[in-house]
Amino acid sequence: MATFRLEVVTAERMVFADDVNEVVAWGMEGQLGILPHHAPLMTMLQPGDLLIKKDNEEEYLAISGGFLEVRPDKVIILADASERAEEIDVARAEAAKRRAEATLKERPPGVDAAAEAALRRSLARLKVAERRRRKPRGTA
Ligand code: ATP
């Protein structure tokens with residue numbers, strides 16, 4: 001299977017770097033799949049889960065927004081924050097979700113972009129952590 005280099009970085013650290021077969025990210029208009037030899041591209045990402053496929057294995061990362069760039073030699077995701085499934089503190093994400101929901105309950109939709117983004121970040125983290133709980137790595 002053809003591969004390409006994927007790097008997921010934040011301002012603080014390299015979260016993921018490996019040769020992969022496919023990556024599926026949340027662009028601003030929906031999901032975006034990248035395969036080897038994709039045309040150069042630069043796009044914003046919204047908070048969501050990032051699916052990485054390699055050798056019939058799937059790994060999910062939580063991405064709290066950022067940019068995805070397809071370069072000729074590699075694909076770089078520069079994320080505001082990103083966690084691997086095993087790094088996610090579920091209780092913290094649940095607390096963040098409750099806080100964002102409580103804030104949004106008081107406001108009409110579309111008014112509080114910060115709370116809506118916080119809610120999406122918490123949901124992405126919970127989704128990634130939940131997938132790992134159901135199917136730990138190595139048992140695919
Ligand atoms: P919180 O309100 O709990 O701080 P947040 O969505 O505002 O959540 P971010 O600003 O996206 O947090 O991230 C700040 C830092 O904390 C980043 O390094 C991020 O990786 C980490 N982080 C945030 N939430 C979690 C979590 N549930 N588990 C592990 N790390 C987290």
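I started at D55, which sits in the loop between β6 (48-54) and β7 (57-63). Helices (H or I, at least four residues) and strands (E, at least two) are DSSP runs, numbered from the N terminus. I note that this is a predicted model, where local features need pLDDT of at least 70, side-chain atom pairs count only at pLDDT 80 or more, and totals for chains, interfaces and linings use all residues. Residues are numbered from 1 along each chain as its sequence is written, and side-chain values use heavy atoms, with hydrogens and water left out.

**Backbone entries**

I looked up phi of D55 and found a positive value near 50°, in a residue other than glycine. Most residues other than glycine have a negative phi. D55 counts as partly exposed because its relative accessible area is 48%. My cut-offs: buried is under 20% relative accessible area, exposed is over 50%, and partly exposed is in between (1.4 Å probe, protein chains only).

Next I checked H37, in the loop between β4 and β5 (41-45). Phi of H37 is also positive, near 65°. H37 has a relative accessible area of 78%, so it is exposed.

**Surface entry**

I then looked for a nonpolar surface patch. M28, M42, M44, F67 and L78 make one of about 500 Å². Patch residues have over 30% relative accessible area and no salt bridge; like charges are joined within 9 Å, nonpolar side chains (Val, Leu, Ile, Met, Phe, Trp, Tyr) within 5 Å. A salt bridge is a side-chain nitrogen of Lys or Arg within 4 Å of a carboxyl oxygen of Asp or Glu. Areas come from the Shrake-Rupley method with a 1.4 Å probe; for residues, only the protein chains shown count as cover. I placed M28 in the loop between β3 (22-27) and β4 (30-34). M28 is partly exposed because its relative accessibility is 48%.

**Ligand entries**

I listed the residues around the ligand (a heavy atom within 4 Å): A81, E83, E87, I88, D89, R92, A93, R99, R121 and R125. I sorted this shell into 3 nonpolar, no polar and 7 charged residues. α1 (90-105) and α2 (113-134) each supply at least two of the shell residues. α1 gives the most, with 3.

I searched for polar contacts, pairs of N or O atoms within 3.5 Å. A polar backbone atom of D89 is 2.8 Å from a ligand nitrogen. For R92, a polar side-chain atom lies 2.8 Å from a ligand oxygen. R125 also places a polar side-chain atom 2.8 Å from an oxygen of the ligand. On its own the ligand has 590 Å² of accessible area, and the protein covers 67% of this.

How values were computed:
A polar contact is a pair of N or O atoms within 3.5 Å; within protein, one must be able to donate a hydrogen and the other to accept it, and residues adjacent in sequence count only if both atoms are side-chain atoms. Ala, Val, Leu, Ile, Met, Phe, Trp, Tyr, Cys and Pro count as nonpolar, Asp, Glu, Lys and Arg as charged, and the others, Gly among them, as polar.
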